[in-house]
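Keep the structure open beside you as you read.

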Amino acid sequence: MTIKTVTTAPYTDQKPGTSGLRKKVPVFQQQNYAENFIQSIFDSLDGFEGETLVIGGDGRYYNREVIQLAIKMAAANGFGRVLVGRGGILSTPAASNVIRKNKAFGGIVLSASHNPGGPTEDFGIKYNIGNGGPAPEKITDAIFARTKTIDSYKIADVEDVNLDLEGTHEIAGMTVNVIDPVADYAELMEQLFDFEAIRGLLAGDFRIVFDAMSAVTGPYAKEILENRLGAAKGSVLNFMPLPDFGGHHPDPNLVHARALYETMMADDAPDFGAASDGDGDRNLIIGRGIFVTPSDSLALLAANAHLAPGYAQGLAGIARSMPTSGAADRVAEKLGIGIYETPTGWKFFGNLLDAGLATICGEESAGTGSNHVREKDGLWAVLLWLNILAVRKESVLDIVKQHWASFGRNYYSRHDYEEVDSEAANGLIANLRDKLVTLPGKRFGALTIETADDFAYNDPVDQSVSRNQGIRILFEGGSRVVFRLSGTGTSGATLRVYIERYEPDAARHGMDTQEALADLIAVADEIAGIKSRTGRQEPSVIT
Ligand code: VG1
Ligand code: CO
């Protein structure tokens with residue numbers, strides 16, 4: 001008999017966060033740690049006998065080992081077929097597409113996104129459901145409950161599958177298809193965007209640079225941007241996915257993609273610069289001389305999406321996470337379409353997309369996407385931008401300035417305090433929560449608090465309620481400060497402070513962001529006691 005049942009003991013710390021279970025590699029390497037979590041996923045699902053499971057990851061350290069485990073455990077648990085990307089590679093949006101296209105039961109996506117990789121760095125396991133999106137809280141709660149009582153797991157006692165050879169294998173009565181990780185995704189992009197127009201743009205003197213950050217989007221960007229769209233060879237940088245991302249954080253922000261930023265600010269800068277993260281779902285957009293904040297990018301993409309064939313019929317609605325700026329709300333209002341405000345994390349967009357309420361979604365954390373898959377999608381955002389630029393024939397800078405002139409500008413910044421003491425961070429949030437009712441009416445110089453609450457989301461589709469999703473302090477005139485703790489970190493706590501100010505007057509659209517927000521930043525510290533409670537004088541990362 002090739003199917004073994006192995007006795008195991010539960011771990012207490014396998015609670016999925018904002019986007020799956022993320023831990024340091026040595027934690028995952030503990031005896032049966034990954035096996036327990038994968039079996040707990042299967043034990044929380046019903047009706048997958050004979051069905052298809054998609055498996056892929058971002059190529060980081062430990063990816064191949066866990067893929068072999070997942071394949072053997074899927075066979076032992078009764079799946080009929082596994083689709084796995086060649087080399088164990090599937091970007092998160094590509095995995096979402098493969099699940100949808102093949103009507104798979106679900107998928108296992110192995111990634112810790114923008115966090116560093118390597119023997120002592122981060123790893124992660126996430127389960128996605130049949131719509132291609134991250135499992136909703138009902139399922140992640142069930143998985144966590146199961147991890148606390150699990151006493152055995154099932155695995156097929158067979159040789160490893162050769163992941164480097166495309167084709168069909170049979171193991172323990174289950175079929176394994178090793179597939180091209182790029183082909184289906186590239187085809188989907190060709191359906192959504194006017195490749196002819198983008199080819200025309202790139203055939204002229206319009207230059208682009210895309211930094212794949214030695215992560216999963218390299219092969220996708222090479223094929224789509226250089227091979228299919230004709231961008232100059234060498235436009236895609238760091239295109240080889242490496243298990244340790246070359247020792248860098250594959251995080252496309254102004255700190256970790258500094259070199260790209262500097263290239264784009266130089267006098268001889270290319271016209272368009274972009275980058276993606278470890279698993280390919282985030283994007284950074286920089287035009288010559290201008291960084292486009294993710295919140296602005298969401299608003300701009302929504303306002304211009306109709307210029308791309310896939311969105312020519314218009315949008316049904318826009319959804320944004322609560323901490324994302326209100327710039328998209330103004331676009332929705334002008335277009336006369338719905339706007340939805342969800343908690344942080346892509347899993348909350350799934351129902352809205354499935355129900356046809358929203359077409360485009362976005363988060364301030366460099367994530368944008370649409371109903372073409374059920375994950376955020378870095379290259380999709382890059383291609384939509386290129387499609388818009390090809391049609392409008394204006395610079396990124398001009399397009400952004402015109403947008404601000406007609407909608408107003410939402411000055412926006414996020415301050416992260418990373419790896420702070422967990423007790424101090426929890427204490428800071430608890431203290432804010434306790435004094436919420438006393439805040440309305442309080443004045444700080446020219447700023448008066450209008451309302452303050454702990455954000456709760458009522459899902460309009462399945463009526464589920466998610467509480468404690470972030471402390472919001474809203475000031476008269478539309479400025480706000482939001483506080484929440486990260487659900488993706490792997491050591492200590494990360495406090496995120498989101499600061500936003502709306503400026504309708506075009507004469508005041510040229511300010512430095514941190515200066516424009518200085519009074520709110522000071523008030524945030526005064527109300528929350530950030531410096532005194534965390535002992536930090538400065539944020540570790542400002543985006
Ligand atoms: C962060 C971001 C959130 C994003 C999540 C997963 O979560 O803030 O917007 O959805 O990462 O993105 P948190 O809980 O740390 O704030 V990814 O690209 O890490 O899968
Ligand atoms: Co990511």
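Which residues of helix α8 (residues 217-228) are buried? They are Thr217, Gly218, Pro219, Tyr220, Ala221, Lys222, Ile224 and Leu225. Here a residue is buried if 20 or more other C-beta atoms lie within 10 Å of its own, exposed if 12 or fewer, and partly exposed in between, with C-beta atoms placed from the backbone. Helices (H or I, at least four residues) and strands (E, at least two) are DSSP runs, numbered from the N terminus.

Before going on, please note that this is a predicted model, in which local features need pLDDT of at least 70, side-chain atom pairs count only at pLDDT 80 or more, and totals for chains, interfaces and linings use all residues. Residues are numbered from 1 along each chain as its sequence is written, while chains are lettered from A and ligands numbered from 1 in the order in which they are written.

Back at α8, its buried residues pack against α4, α6 (183-192), β10 (208-211), β11 (236-237), β12 (272-276) and α13 (378-392). Contact between two residues is taken as C-beta atoms, placed from the backbone, within 7 Å. Just after α8 you will find Gly230, with a positive phi of about 80°.

Now turn to the sheet. Seven strands make up an open sheet of mixed pairing, in the order β2-β6-β5-β3-β4-β9-β8; two strands pair if DSSP finds at least two bridges between them. β2 (21-24) and β8 (167-171) are at the edges with a single partner strand each, so one side of each has no neighbour in the sheet. On average, neighbouring strands are turned by 20° against each other, direction ignored. Axes here are lines fitted to C-alpha atoms, for helices over the stretch in contact, and angles run from 0 to 180 degrees between N-to-C directions.

Of the five residues of β8, the number buried is zero, so β8 lies largely in the open.

Helices accompany the sheet. Helix α4 (residues 92-101) lies across β3 (52-57), β4 (81-89), β5 (106-110) and β6, running at about 165° to β5. In helix α5 (residues 137-147), the buried residues are Thr140, Ile143 and Thr147. What covers them includes α2 (33-43) and β6 (122-129).

Next, look at the loop between β3 and α3 (63-77), where Tyr61 lies. Tyr61 counts as partly exposed because it has 19 C-beta neighbours inside 10 Å. Leaving aside neighbours within four places in sequence, Tyr61 is in contact with Val25, Gly117, Gly118, Pro119, Glu121, Pro243 and Asp244.

Finally, step back to the whole chain. An automatic or database domain assignment gives domain 1 (3-181), domain 2 (185-407) and domain 3 (409-542). The C-alpha centres of domain 2 and domain 3 lie 26 Å apart, and their contact takes 18 residues from domain 2 and 20 residues from domain 3. On the domain 2 side, the elements that give two or more residues are α12 (350-354) and α14 (396-407).
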